[in-house]
Each structure stands twice: as structure tokens, then as C-alpha cells.
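Subject: Structure for you to look at

Hello,

Here is the structure I said I would pass on. Please open it before reading the rest of this message.

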Amino acid sequence: MADKNMVTIEIDGNSVSVEKDTTILEAAQSIDIYIPALCNNELVEPYAACRLCIVEVDDGRKTKLVTSCNYPVRRPISVYTSSEKVLRNRKITLEMMLSRWPNVQVIKDLAKNAGVEKARYQHPAVDLNSNACILCGLCMRVCEQGIWENIINFTNRGAERNVRMPYDSDQPHCVGCGACAEICPTGAITMADDPNQPFDAEMIRKAGMRITEEMIRYDEEQCDMRGVGTAHLVEIMDAYDLLPVMNYRYGKHEETPKISSDVFRKHFTSGKPDGCWLGCTMACAKAIENFELKTGPYKGERVLVDGPEYETLGGSSNMGIFDPYFVAEYNFYCDTYGLDTISFSTGTSFIMECYEAGVLDKEKTGGLELPFGAKDAALELLHQIGRGEGFGLVAGKGIRYMKKYFVENFGADPGFVFDIGMEAKGMEYSEYVTKESLAQQGGYGIALKGAQHDEAWLIFMDMVNKQIPTFEDKAEALHYFPMWRTWFGLCGLCKLPWNDIEPADNAETDEPAKVPGHVQGYCEFFEGVTGKPQTMDSLVRMSEKVYNFQRVFNLKMGFGRREHDAIPYRSAGPVTVEEYESRQERYDTQLKEDAGIDPTGMSSEEKVALTRKHREAQYEHLLNAVYKRRGWTNDGVPTVAKLMELGVDFPDVIELVKKHGG
Amino acid sequence: MIVVNGIALDWHEGKTVRDVIREMNYLFPLLIARINGKFIPRNKYDSTEIPDEATVDIIHLMSGG
Ligand code: SF4
Ligand code: SF4
Ligand code: FES
């Protein structure tokens, strides 16, 4: 059956079928027919400035010369790329170009190919520079369409026409990405060299440019980081039952669409790239402009909100609040008070569950009614924390403090508050539900700084792909990824360009989860700065030294042993009957298949207890495997042998680990 | 019947990779599909039909903070 969207044309006698609206140039390139195309580049829209790509088109009625780079194929036609008319015309164009830019290499080469050795006249605006600008417009198009900036443009007319930054000045908005210089066919644009004297600036720029090119080509269809930033994860996490809802009890909610990335794209987030650093073309930071505050010390003022990112949104669903205005308001005030949106939202989710369970009431909170979804009270609590007043004084100290405080002062059941208070090593959990991924429970629990996912995010690998089924597989992932991600911290680099954009051939590599093409890029960044060549293994080795040293530091500070890698049970499984019953089919099946227990006829209470027993044992097994893989004792202490192997066997370090059986 | 990421799914003639992704509600964009170990590029998800009894892997990469 003929596809309506396909058109078959002939190019120099070869027939080719292409999608409607493909340009003649693209069609020719698809069957390796060469057409010179100086002002064209796949990264940008055609511009038809140079006229070198002309071809002759016969539509059955008449023939005409057209520029192939912007001529869309819509019906069957015959194309001639080297007819006499075409060649003559191209020669005239090239002679004119050569007369104007006689020393520019690309022009000289193209002219020579066309049989023009020398221009027979001199152009009135001749430019003898070998890097002369030939007015192809590629730079300004890549800046505008590729980078979403609009920094450079043509100025003047006729012979004076040239590419310039406005007012010929340095532009504060130029991100210095170098895309214009890279795409320029003559070298007319050069980047001012880096003041901090890297070993090989070119190597760094080339590695960066590969990421920039991927961003231009693939970001929109991949993560849309430039469009909405990490907010795109809200709807994804909801779809996989991983978005924390009501203190991690559930993983999705019917109101999630109210705070999904689409809402922020439409109503708030300005459609401009916004990078944390000059030169970053991922530019995933997002802002809400002109937002009118409803509460707090700046009530009534219009402000710029920096965000929201995924965690801030996931924090909101965790508090049972699905209101984009609330998100913007709490985002702004957390930033303004110097609070972390994760700690605030996870802490408040805990408070809300305690409130609903009767651990807290209005009297204990100093008048705040704080069930899930209480957005006004949540904001009031935030302001109290900011001011250091009232119940804010307790809440602001974090979950670890609150658990103890509620037990000692309000008679809370310690079992309950310790099960649902989502912190490890004193740090609040970030916003992912980990119940169905044992590896991720380890990712949070073992992380040196506390319950953060930035050492390892393994939920998909583990729960969805089922790529790491055994304890040893999980331990290997909990070795490689934390080491690799620690390396970003060591070098002060952002992790997002590593795996929030993906090279075209990533899927076909041996280990796509590691994104080997990008690891190679980071090796080049390091070598470009220091002059020392690197491999994936040598980078990981750098981290391993520091990581083990940090573990010893934790040990010294009283946080470096097995007991400190413990997690609240809510992280591993359903704490309450209600929670169990909300996913009953899943948990029943797992009891049967994973734990070998037939749940038929059991009460939910019994099943909760048996599930717990099984899952807690699994977690202990996981710790054993991870410690073994890392060269630590079964108590989680780096061994002397490991520290010697890594060259961090300083006398006081050895003395300390020996004291703890290392 | 086919098995997708370890989960059994019904099979019918003409079921494509895209159909499976939809059925599983796999919203995440960074996917790698394999049918019986053979890699299927993203632009072929609509046109690649899955044979009965196939083992399908839809590998999710990672993204986010
Ligand atoms: S360096 Fe980047 S932002 Fe600056 S003018 Fe060139 S393309 Fe535009
Ligand atoms: S500076 Fe380079 S890329 Fe820009 S118009 Fe001139 S020749 Fe083309
Ligand atoms: S490439 Fe078509 S006009 Fe320049």
C-alpha cells in the first residue's frame, strides 16, 4: 500500500522515496549524492544564502533552478544536480565569492572543484582575510535556533555587512557555549581563550560541543531539560508508582496532573534557557517570573521564583498538596529562608502523618491544623521555621530531632514514629518511593551524607528493567554508581549532562546505563584541564579513595557503621494495614513468590508483619553484599587492606579503623 | 503470550513495540528496546511487530537529579 506521506523522486536518474517535505538536499544526501551546500547545516533551518546548492527541477511541465537546501519535496519530480545550467550557474556564484573572499579556504576548495581557479575581476568589497566572514548566517542561526539565545546578528548593509554582537560589546547574555565558532565554516569567530589556562582548551571545547550538539538534536524528544527541566519527572514518577504521596505511603495520585510539567510549562516557566553556569547548554534551571506572593514577609510583592525542580514538586505531593501556586510559594520561601525544599517537605509530610495518626494535635502544634493537604498551615509552619518561632522551632530541627521529641514530650509510640520518619543519618529522604527497589533502599541507606539519591538512582534498573536481580548484581551497582557520581562532586561538575541527555548510539553500547560516550567526554574534560589522560576506571578510582576516606570520616564522627546505614521501615515496605491494602495484589504476590509464604486466609496485620520480616532480612543481606564488594568489614568499616590498596592508609586513619575491627 | 521485563503480556498479531510501551504505561523517554536480545532503534517502535513467545526488554535508563 502506498504511504500517503512518502514521495518518490528521481535524482540524476536514481529513484528515492522520502517523507513529504524532506528537502531535495536531504533526499540527495540520503543516497550519497553530493551537492555543495555552504550555508546549510542539519542543526539549523535552511537559509538559502549562498546559492551553491542549486539544482534543476523538472516537474513534468517545466524546469527551473531552485536552491535544494530549502526546496521541500511534495510531488514526484526529476532533479538534476549537475546539468549544464546548474554547473554554469554555480561557477558564476563561486567566481563572485572568490573575487570577494579570495583567501578563504572553503571558498577556494569549492571553486577549484567547480573549475574556477581564479576570479577574473576583483570584487569592490574584497576581503583578503583568510578567516573572512562569508555571510552564511550559520552562527546566528545556531545561536538562535540551537542554543535559544539571540546574541549575534548581521549588522550594516552591502559591503559593510558583517556579524557582530550588539554595540560591538561583550554580551553578558552570551553563554560562551562556542556553538557559533564551531559551526562557522571559515574560522571568522574565535573564542577568547580561557583565563585559567587549561592544558588543552580545544579538547575541553570539543567534548562540550558534543553535548551541545546532542542537546540541539535530541533534548526535545528525550528529557526536554531545556523546556521544563527536571519537572518532567513528576508525571513519569507518578506513572511508575514512585512519586511520593502522603509521606511515601503511596506512589501516585489522581491530582498529579495539577502539578505536572505541562502546568509549569504553560503557566509559569519562561521558555528561555537558563543555565547555572555560563556555557551550559543543557540549561535546565527554570524560573517563574512575576509571581505574586500570598503570604509571609513579602506578601503582595511580585518576585522571581527559582524553580520548581522535581524534588520540590515531589515534596508537594508528599504533603498531599497538588496546587501549583502553593509549590511556587513554598519554593520561593524555602530559598529565601535558606531552607532545603526536600528537608522541609519531607519533614512536614512526617508531621502531617503524625497529625492524622493523633500523635500531634492543634494544641501540640501551637494552633496549626496540619493534616495532609493543609497548604495554608504548611506555609505558616514554613514562616515559623524561618522566624524561629513556635512549633517551627521543633519542626526546623528535622525529623531525627522530632521523632525523639514526640516520644519524650507527646508520648508518641516510638515504633510508629521511627517507622514513618523518613531520614537516614539525620538527613531527610529525597522524593522517590523506594519500597519496590531493594537496591535503591541501599542507595539511600548507605549514602555517606544521609538519605539522598545522588549517589545512586537504581530504581528503574532494579524494579522495572530487572537488570540487577541478585544481591551481587545490586552490590556491583551500589559500588560503581556511587563512586562514579562522587566523582562529579570531586570535580565540582554537574551530573545532569552525563545522563539526562543521551548520545544517539548509546543504546548500542555495552553498558548503556553508564553512558560510556559521556564518561569518555568527562575523561577529556579532566585531561583538557590537567593534561593527565584518564579512563573510566581511573576516574572511579579517584572517587574510591575519597569515598573510603569519607566513610572513615563518618566513622570518626560516629556515623560510619552498619547501624548507621539502617533505614526507616517505610522506605522498605508498607508500615500500615491501609498502605498494604492499597497495593494488596502486589504485596500478596510478592509474599508468595519472593518469600515463599501463601497469604491465603491471612489477615492484613499478619501479612504486614510477614512482609516486614522478609524485607528487613533482604536489606541486611544487601548490606552484607555491598560491604563485601567495597572491601569493608561486615560492620561497614573499610579494612586496613582496602585503605592500603587505595593509598589512604594514614596512621590516624589506620588506628581508627583498627579500633572498629577494620 | 510475550514476556516484557519479566511480566507476561497477551500477544496478538501485529502488536508493535509502541503498543507494548503504551500497554505498560512506560512514559519515560530514555528507553532501549530489545526483542529476543535484538536491539530495536527508537524510530522503529511503531513499525516493529513482536512475534509470539518473544522476550522483550524495555530497558529504562536513568535521569534526574
Ligand atoms: S557563544 Fe553561544 S551564546 Fe554566545 S554568541 Fe555564540 S552561539 Fe550564541
Ligand atoms: S561568522 Fe562564520 S558562521 Fe557567521 S556568518 Fe560569518 S562565516 Fe558564517
Ligand atoms: S546551502 Fe542552499 S543556499 Fe546555501
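Below are the findings, grouped by part of the structure.

Please keep in mind that this is a predicted model.

Where chain A meets chain B

How many residues of each chain are in contact? On chain A there are 32, and on chain B there are 20. The size of an interface is often given as the accessible area lost when the parts come together. For chain A and chain B the buried area is about 2200 Å², and carbon and sulfur atoms give 61% of that.

One salt bridge is counted between the two chains. Its partners are Arg42(B) and Glu502(A), with 2.9 Å between the closest N and O atoms. Eight residue pairs, both members at pLDDT 80 or more, are in polar contact across the interface of chain A and chain B.

Which elements of chain A give two or more residues to the side that touches chain B? They are α8 (233-239), α18 (459-464), α19 (471-491) and α20 (496-499). The largest share, four residues, is that of α8(A). By class, this side of chain A has 15 nonpolar, eight polar and nine charged residues.

The two ligands

Ligand 1 has these residues of chain A around it: Cys143(A), Ile151(A), Cys174(A), Val175(A), Gly176(A), Cys177(A), Gly178(A) and Cys180(A). Six residues of this shell are nonpolar, two are polar and none is charged.

Around ligand 2 there are, among others, Cys133(A), Cys136(A), Cys139(A) and Cys184(A). The surroundings of ligand 2 also include Phe154(A), Val163(A) and Pro185(A). The shell of ligand 2 consists of eleven nonpolar residues and one polar residue, with no charged residue.

Two details of the backbone

Where is Pro308(A) placed? Pro308(A) sits in the loop between β9 (302-306) and α10 (310-318) of chain A. The peptide bond that joins Gly307(A) to Pro308(A) is cis, with omega about 0°.

Asp12(A) belongs to another loop, the one between β1 (6-11) and β2 (14-19) of chain A. Asp12(A) is not a glycine, but its phi is positive, near 50°.

Regards

Definitions and conventions. Residues numbered from 1 in each chain as written. Chains lettered and ligands numbered in written order. Predicted model: local features only at pLDDT ≥ 70, side-chain atom pairs only at ≥ 80, totals over all residues. Heavy atoms only, no water. Contact = heavy atoms within 4.5 Å. Buried area = accessible area lost by both parts, 1.4 Å probe. Salt bridge = Lys/Arg side-chain N within 4 Å of Asp/Glu carboxyl O. Polar contact = N/O pair within 3.5 Å; in protein donor to acceptor, adjacent residues only side chain to side chain. Nonpolar A, V, L, I, M, F, W, Y, C, P; charged D, E, K, R; others polar. Near = heavy atom within 4 Å.
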